[in-house]
Amino acid sequence: MKRFINRLIQVVITLIGVSFLTFCLTYLSPGDPAAMVLEASDTIVSQEVLEQTREEMGLNKPFLVQYGNWVWGVLHGDMGMSYSGKKPVVDKLMEGFAGTVLLAITTVILILLISIPLGIFSAVHRNKIPDFIVRVFSFIGVSMPSFWVGLILLYIFGLKLGLFPIATASISLNGIVLPALTLAIYQSAKYTRQVRTVILDELNQDYVIGARARGLSESAILWKHILPNAILPLITLLGMSIGWLLGGIAVIETVFAWPGLGRMAVYAITMRDYPLIEGFVLWIAIVYTVINFLVDLSYTYLDPRLKKGELK
């Protein structure tokens, strides 16, 4: 319980710090939000109208008062109005949420299907030709920029072969294949190397030698003993990847015109839509802290030593 409370306090402090810094940076950014709202609504910007709009938006109040009002609104589900979309920020975030979640789930499934078998295969055939082949391809996968891989896939499978749409503004099974594959190539290369390292480390443990001495088959040792012990190091990587994906992969979503949070964030930055930027950054902070919190809790249940309080 003490561990749970400490982690919860850390999450709250992190979110407060991120929200304060984000609000501070947008407050110091050039440009008048009131003028941007008036220009977006095609209203003639006179000094009188500008001052009235600033008062309605609370921009004439001290910085700490503005921040306090924004935090109070966030706690009640109100992140303000988007300048460019003329909608509540929460509604704008929800518009991109479905696309990002679907892309993240598809990518994670591809990562696990590719990296775990390849990592195990490479470890079992250590320093043999299959191992060298897997390591070479994983090195290439890590080295290639994701946006470049995405453009190559678009050129081959979209433009030349016509199997997938080049750009889509809507969520579709056809449109999700290439962006998910692009993200999975880089992440799978990284995970494959990590799985290989963890499996090799477990293969050298004393319990594996003991299991072999008792006559257990290599497959039984691998699936019943090694893999359960190799899960913990991989959970942290997986948690970070999920947080990264749920934050919206701005470059990939922009390359494929995928309707997600990342593409929305790029548009918000271009339009200087400060409330939407603040909401997006806060969303990323919440995702990362919550997932790290859940990963930390999962360690307590998956590692018997932590259950007994042996590890501090």
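Helices (H or I, at least four residues) and strands (E, at least two) are DSSP runs, numbered from the N terminus. Keep that in mind for every helix label I use today.

First, the ground rules. This is a predicted model: local features need pLDDT of at least 70, side-chain atom pairs count only at pLDDT 80 or more, and totals for chains, interfaces and linings use all residues. Residues are numbered from 1 along each chain as its sequence is written, and side-chain values use heavy atoms, with hydrogens and water left out.

Now the overview. The chain has 14 helices and zero strands. There are 312 residues, and 39% of them count as buried. Buried means under 20% relative accessible area, exposed means over 50%, and partly exposed is in between (1.4 Å probe, protein chains only). What about contacts along the chain? Contact means heavy atoms within 4.5 Å. Take the contacts with a separation of 6 or more: residues 24 or more positions apart account for 71% of them.

Next, salt bridges. A salt bridge here is a side-chain nitrogen of Lys or Arg within 4 Å of a carboxyl oxygen of Asp or Glu. How many salt bridges does the structure hold? Four. I will walk through three of them, K87 with E95, K92 with E95 and D131 with R135.

Start with E95. Its side chain meets that of K87 in a salt bridge, at 2.6 Å from N to O. Both ends are partly exposed: K87 has a relative accessible area of 36%, and E95 has 42%. E95 also pairs with K92, with the closest N and O atoms 3.9 Å apart. K92 and E95 both sit in helix α5, residues 89–124. They are three residues apart, about one turn of the helix. Is K92 buried or exposed? K92 is buried, with a relative accessible area of 16%.

On to helix α6, residues 129–143. D131 and R135 both lie there, four residues apart, again about one turn. They form a salt bridge, and the closest N and O atoms are 3.4 Å apart. D131 is buried, at 0% relative accessible area. R135 is partly exposed, at 34%. Back to the E95 group for a moment: salt bridges with shared partners join K87, K92 and E95 into one network.

Now helix packing. Two packed helices are described by the angle between their axes and the distance between the axes. The axes are lines fitted to C-alpha atoms, for helices over the stretch in contact, and angles run from 0 to 180 degrees between N-to-C directions. Angles under 35 degrees count as roughly parallel, over 145 as roughly antiparallel, 65 to 115 as roughly perpendicular and the rest as oblique. For handedness, a crossing is left-handed if the near helix is turned anticlockwise from the far one by less than a right angle, and right-handed if clockwise.

First pair: α6 and helix α8, residues 173–203. The angle is about 135°, and the axes are 7 Å apart. The two helices are therefore oblique to each other. Their crossing is left-handed. Which α6 residues meet α8? They are D131, V134, R135, S138, G141 and V142. On the α8 side, the partners are Y186, A189, K190, T192, R193 and R196. By class, that contact has four nonpolar, three polar and five charged residues. The classes run like this: Ala, Val, Leu, Ile, Met, Phe, Trp, Tyr, Cys and Pro are nonpolar, Asp, Glu, Lys and Arg are charged, and the others, Gly among them, are polar. Note that D131 and R135, the salt-bridge pair, are both in this contact.

From α9 come Y207, V208, A211 and R212; from α10 come E218, I221, H225, I226 and N229. The contact divides into five nonpolar, two polar and two charged residues.

Two loop residues next. Most residues other than glycine have a negative phi. N127 has a positive phi, near 60°. N127 lies in the loop between α5 and α6, and is partly exposed at 48% relative accessibility. A257 has a positive phi too, near 55°. A257 lies in the loop between α11 (250–255) and α12 (261–270), and counts as buried at 14%.

Last stop: E278, in helix α13, residues 274–302. E278 is buried, at 7% relative accessible area. What does E278 touch, not counting residues up to four places away in sequence? T22, F23, T26 and W70.
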